[in-house]
Amino acid sequence: MSQGRKITVIVLAAAGVVSTPLIWLLDSPDAGQLAGASIQAAVGIAALVWALFQPGGNHTDDTAVGTGRARASRGGTAITGIRRPKGRGSGSAKAENTGNATADGPDSSAVSGIDYS
């Protein structure tokens, strides 16, 4: 769930918990209004709890298996595996059997596995 949707659900759930039940309860409710206010508050709380436990929008699971033979030269970058700039993403990253990442020349780089830079 994206961060924007998560915030929207939380705000709407909080408004649902507070709005109508509060108005009903301040106006000497009868049994039906009291039951309705209780149900509405319970549904709002359930939506709030559900939204809070949803994973963020950057959840990714990356897998690279049996990679190899990447070559960089003249300032290039060779990656045989997975690249996650600045550690972005909240899921797992797994690289198996990587190899053959070669860099030649100044400012060239090679990574065999997972690159978090």
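These legends go with a few close-up views of a predicted model. Local features were kept only at pLDDT of at least 70 and side-chain atom pairs at pLDDT 80 or more, while totals for chains, interfaces and linings use all residues. Numbering starts from 1 along each chain as its sequence is written, and side-chain values use heavy atoms, with hydrogens and water left out.

**View 1. The whole chain, end to end.** From the N terminus, the order is α-α-β-β-β-β-β-β, so we have two helices and six strands (DSSP runs numbered from the N terminus: H or I of at least four residues for helices, E of at least two for strands). Buried residues, meaning under 20% relative accessible area with a 1.4 Å probe and protein chains only, make up 18% of the 117 residues.

**View 2. Thr 80, tucked into strand E3.** Thr 80 sits in E3, residues 77-83, and is buried at 3% relative accessible area. Skipping neighbours within four places in sequence, its contacts (heavy atoms within 4.5 Å) include Thr 67, Arg 69, Asn 100 and Val 111.

View 3. Phe 53 lies in the loop between helix H2 (31-52) and strand E1 (62-65). Phe 53 is exposed, at 71% relative accessible area; the cut-off for exposed is over 50%. Together with Ile 45, Val 49 and Leu 52, Phe 53 forms a nonpolar surface patch of about 420 Å² accessible area. Patch members have over 30% relative accessible area and no salt bridge, with nonpolar side chains (Val, Leu, Ile, Met, Phe, Trp, Tyr) joined within 5 Å and like charges within 9 Å; a salt bridge puts a Lys or Arg side-chain nitrogen within 4 Å of an Asp or Glu carboxyl oxygen.

Methods: Areas by Shrake-Rupley, 256 points an atom, 1.4 Å probe, with all protein chains shown as cover.
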